[in-house]
There are 2 protein chains.
Amino acid sequence: MGKHLTTREEDYSKWYNELVVKADLAENSGVRGCMVIKPYGYAIWEKMQAELDSKFKATGHENAYFPIFIPKSYFSKEASHVDGFAKECAVVTHYRLKNAEDGSGIIVDPDAKLEEELIVRPTSETIIWDTYRKWIQSYRDLPILVNQWANVVRWEMRTRLFLRTTEFLWQEGHTAHATKQEAIDEAEQMMNVYADFAENYMAIPVIKGTKTESERFAGALETYCIEALMQDGKALQAGTSHFLGQNFAKAFDVKFAAKDGKLDYVWATSWGVSTRLMGALVMTHSDDNGLVIPPNLAPNQVVIIPIYRNDEQYEAVCNEAEIILKELRSKGIRVKFDKRDTQKPGWKFNEYELKGVPLRIAIGPKDIENNSVELARRDNLTKEIVSREGLDNKIDDLLKEIQNNLFEKALKYRDEHITEVNSFDEFKEILETKGGFLSAHWDGTPDTEEQIKNLTKATIRCIPLDAKNESGVCVFSGKPSEKRVLFAKAY
Amino acid sequence: MGKHLTTREEDYSKWYNELVVKADLAENSGVRGCMVIKPYGYAIWEKMQAELDSKFKATGHENAYFPIFIPKSYFSKEASHVDGFAKECAVVTHYRLKNAEDGSGIIVDPDAKLEEELIVRPTSETIIWDTYRKWIQSYRDLPILVNQWANVVRWEMRTRLFLRTTEFLWQEGHTAHATKQEAIDEAEQMMNVYADFAENYMAIPVIKGTKTESERFAGALETYCIEALMQDGKALQAGTSHFLGQNFAKAFDVKFAAKDGKLDYVWATSWGVSTRLMGALVMTHSDDNGLVIPPNLAPNQVVIIPIYRNDEQYEAVCNEAEIILKELRSKGIRVKFDKRDTQKPGWKFNEYELKGVPLRIAIGPKDIENNSVELARRDNLTKEIVSREGLDNKIDDLLKEIQNNLFEKALKYRDEHITEVNSFDEFKEILETKGGFLSAHWDGTPDTEEQIKNLTKATIRCIPLDAKNESGVCVFSGKPSEKRVLFAKAY
């Protein structure tokens with residue numbers, strides 16, 4: 001079928017790129033750095049969206065929608081924000097095309113130049129806080145707990161499907177609070193929501209922590225993050241939640257009257273995850289045969305494939321398969337019955353293995369005779385003949401087991417790849433041989449952080465929330481340190 | 001509460017604008033022509049999306065996502081398409097900002113000019129058909145039944161919240177077929193899906209028809225539409241579905257091998273509805289007291305408001321209200337219990353009337369004594385005292401009755417405002433005095449159509465699918481005609 005993949009061993013990066021395309025998740029478009037998310041990839045993203053959205057709503061958030069365009073002047077209002085995003089933004093300068101007078105084709109109409117250029121949003125803090133100014137007068141208007149699902153654009157020079165694209169899809173929560181503590185609690189809450197989603201739906205273990213100053217979001221006082229580890233030993237930031245202090249409220253003059261009538265600036269958070277999570281999902285679980293999708297996010301959790309040699313067998317087998325289909329659906333299991341007569345069973349086996357469907361049922365005349373089916377697991381590639389009796393319960397249990405197994409496997413890998421290092425030689429050696437997270441003492445200065453980055457390409461992924469106090473010396477400068485942080489090379 | 005509305009009688013247009021803002025549906029942003037969809041408005045849009053999405057999936061469609069940017073050259077490939085959209089598009093010309101050397105602020109970096117300008121999509125036929133070329137080789141790859149939920153931008157000069165905005169949200173279906181008939185069937189099917197949604201969820205009666213050549217989508221061979229009538233006698237196009245023939249397949253060279261091996265161009269459709277439907281919803285049902293939302297789309301179908309004079313009463317009433325809340329929720333009814341102590345009942349009554357919540361339950365100490373509640377309908381502003389026994393069933397029935405009542409009321413108004421006219425004098429008189437749809441003979445020429453438009457501002461809204469053959473003469477030219485078409489002034 002021409003779908004043989006490069007193996008992870010041969011070339012991890014190539015394996016990933018091939019898999020994303022061959023498994024019909026996404027592909028590059030004719031527009032530089034922009035991807036097309038294909039129906040199968042989008043179906044997984046929709047599952048992610050649905051789960052996240054219900055978690056946001058369960059924690060009191062509502063959805064809204066803000067303009068895609070941001071006037072250039074808005075950006076300049078928050079100094080560190082503009083520094084963070086100005087270098088990589090798409091700028092709209094005109095609002096009309098016209099036919100060239102010399103007949104050479106269609107051109108931008110020079111008479112349709114905008115008075116002020118518009119930026120295609122790379123993130124929406126500025127346009128949203130410009131709006132919140134109108135919504136907030138008193139403490140009664142707070143908190144505002146709003147999320148938006150949207151597309152954003154960051155003009156990246158090197159792009160990779162899902163991991164780094166010029167345009168990507170995401171959600172961005174933007175909340176406004178009366179007190180500093182409430183905003184901090186909100187930022188921490190959303191980090192926990194993300195961690196819960198990553199672990200229980202994506203089956204990806206994550207480390208919760210805060211970013212160092214130099215790795216923080218442009219405009220944040222604190223950035224909380226969840227960090228995951230991919231199969232090649234590189235880290236991936238899977239979600240961030242920012243405590244923005246009063247920075248945006250000050251930049252956009254958003255004040256509220258407290259109960260005592262005193263005016264104060266509003267406290268803010270923002271938090272987001274994106275289609276980048278699709279990349280994390282692929283790179284955490286998939287193997288050299290194709291995707292492995294955790295049951296909780298699989299568009300199809302089970303596929304049924306009929307085995308037959310003639311029309312009579314086809315009919316008998318399909319009849320039985322339809323019964324199984326109904327049984328499983330009535331249990332709320334997402335099942336596809338692929339009864340197409342245009343493809344052979346072997347082709348279908350490969351196809352659904354490549355697509356990462358968690359369980360495959362094959363059923364032929366022999367199975368009907370024996371009152372059984374063949375059940376194959378995608379996660380560990382095992383097969384067994386199981387009885388038709390209680391098949392629905394068996395599958396229900398297996399889906400939970402697979403979900404759990406994927407998480408445990410990823411957790412074991414991750415935990416085996418957190419290495420405590422106590423000298424810079426050790427740091428470099430482990431980084432090059434084993435990869436993963438390096439748990440090391442750091443003197444707390446941006447200068448040391450940058451020098452380590454320049455020498456090794458490793459960055460501080462986070463200061464883990466559960467890092468214990470431990471006196472030591474910085475692996476690089478030898479200066480005193482009170483806790484270990486996690487370094488890694490990262491996506 | 002300062003929320004008194006201009007009445008429809010006083011100024012229909014002002015009434016609409018005020019209502020959209022005061023009922024927290026949407027507001028203008030700091031970006032010209034772009035709106036902010038506020039949480040309450042967005043919650044209604046989410047309900048619409050959910051219903052439409054499930055209808056699309058039930059008819060075999062899948063969602064996907066295509067880039068927001070379209071290279072300028074793609075537009076030129078389909079001649080009528082570029083004519084239709086070139087005059088109103090946002091053009092990205094640069095990809096970076098920088099600090100001005102003279103310290104005057106942030107400017108567009110002249111060194112970061114794109115080789116080819118990118119258009120922010122006004123619609124996605126071109127980028128999608130450029131992609132379909134890679135997806136389609138043989139009849140086995142067909143049909144492709146794809147939809148996307150997205151934002152689009154059309155640089156409108158005069159904008160109005162929801163009805164006409166520079167950026168709006170929509171869905172656009174793009175399908176590819178092996179035969180002409182299959183594509184036509186698909187375009188008709190989706191018009192019917194839209195009509196079903198409009199009538200059964202939005203409670204808006206619609207007329208199904210086709211557009212005249214001059215009103216067709218740029219690039220379509222046939223445009224099917226559903227046309228609704230607003231309370232001011234103006235028509236509103238609520239959804240369109242286009243049979244695109246082989247135009248885009250030819251422009252983007254998309255061919256497929258049929259079963260017999262012969263190569264042919266692929267047949268196409270596209271279809272869409274947008275946040276414009278929010279405007280139609282408001283203008284069809286709402287009144288001088290505020291919004292009227294049909295139960296099938298109301299984020300809250302019922303609101304419960306406690307009536308009390310002291311803490312003891314408050315506690316007793318809230319206890320009972322919580323029981324009602326649970327009863328109704330277990331029936332799948334969307335209920336809000338507004339137990340806020342910071343607002344008086346009268347304020348709450350006004351608030352939920354303005355927001356169009358279909359049913360309001362008020363419950364006080366007297367009601368508890370009498371084992372009753374007060375039930376108020378938003379649609380006809382009636383109130384009654386009803387027994388607590390069987391309240392859940394009563395409400396369930398009432399919600400259905402209200403949904404039906406809104407439809408019937410709109411249908412009656414619409415039917416009373418379809419007038420057969422047989423001369424141009426009559427045409428002009430009815431148009432100015434009564435408005436609505438004018439059912440008139442037309443000679444079938446774009447020239448007559450344009451002259452009528454220039455003289456009266458009325459356009460041909462559609463050639464109704466159920467128009468019967470009837471010999472007559474064109475109201476304008478006196479030339480022979482075989483069927484009546486519908487004219488109206490339109491949004």
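**Helices and symmetry of a predicted model**

Me: Which residues of H5(B) are buried?
Reply: This is a predicted model, in which local features need pLDDT of at least 70 and side-chain atom pairs count only at pLDDT 80 or more, while totals for chains, interfaces and linings use all residues. Residues are numbered from 1 along each chain as written, chains are lettered from A and ligands numbered from 1 in written order, and side-chain values use heavy atoms, without hydrogens or water. Buried means under 20% relative accessible area (1.4 Å probe, protein chains only). The buried residues of H5(B) are B:Glu125, B:Thr126, B:Ile127, B:Ile128, B:Trp129, B:Asp130, B:Thr131, B:Tyr132 and B:Trp135.

Me: How are H2(A) and H8(A) oriented to each other?
Reply: Helix H2 (residues 39-58) and helix H8 (residues 276-285) of chain A pack with their axes 10 Å apart, at an angle of about 105 degrees. Angles of 65 to 115 degrees count as roughly perpendicular. H2(A) and H8(A) are therefore roughly perpendicular.

Me: Which residues of H8(A) make the contact with H2(A)?
Reply: Contact means heavy atoms within 4.5 Å. H2(A) contributes A:Gly41, A:Ile44, A:Trp45 and A:Met48. From H8(A) come A:Leu277, A:Met278 and A:Leu281.

Me: Which residue of chain A comes closest to the rotation axis?
Reply: Chain A is superposed on chain B by a rotation of 180 degrees with 0.0 Å of shift along its axis (RMSD 0.0 Å). That is the relation of a two-fold axis. By its C-alpha, at 2.1 Å, the residue of chain A closest to the axis is A:Val92.

Technical notes
Buried means under 20% relative accessible area, exposed over 50%, partly exposed in between (1.4 Å probe, protein chains only). Helices (H or I, at least four residues) and strands (E, at least two) are DSSP runs, numbered from the N terminus. Copies are superposed by least squares on the C-alpha atoms of residues with pLDDT of at least 70 in both. Axes are lines fitted to C-alpha atoms, for helices over the stretch in contact, and angles run from 0 to 180 degrees between N-to-C directions. Angles under 35 degrees count as roughly parallel, over 145 as roughly antiparallel, 65 to 115 as roughly perpendicular and the rest as oblique.
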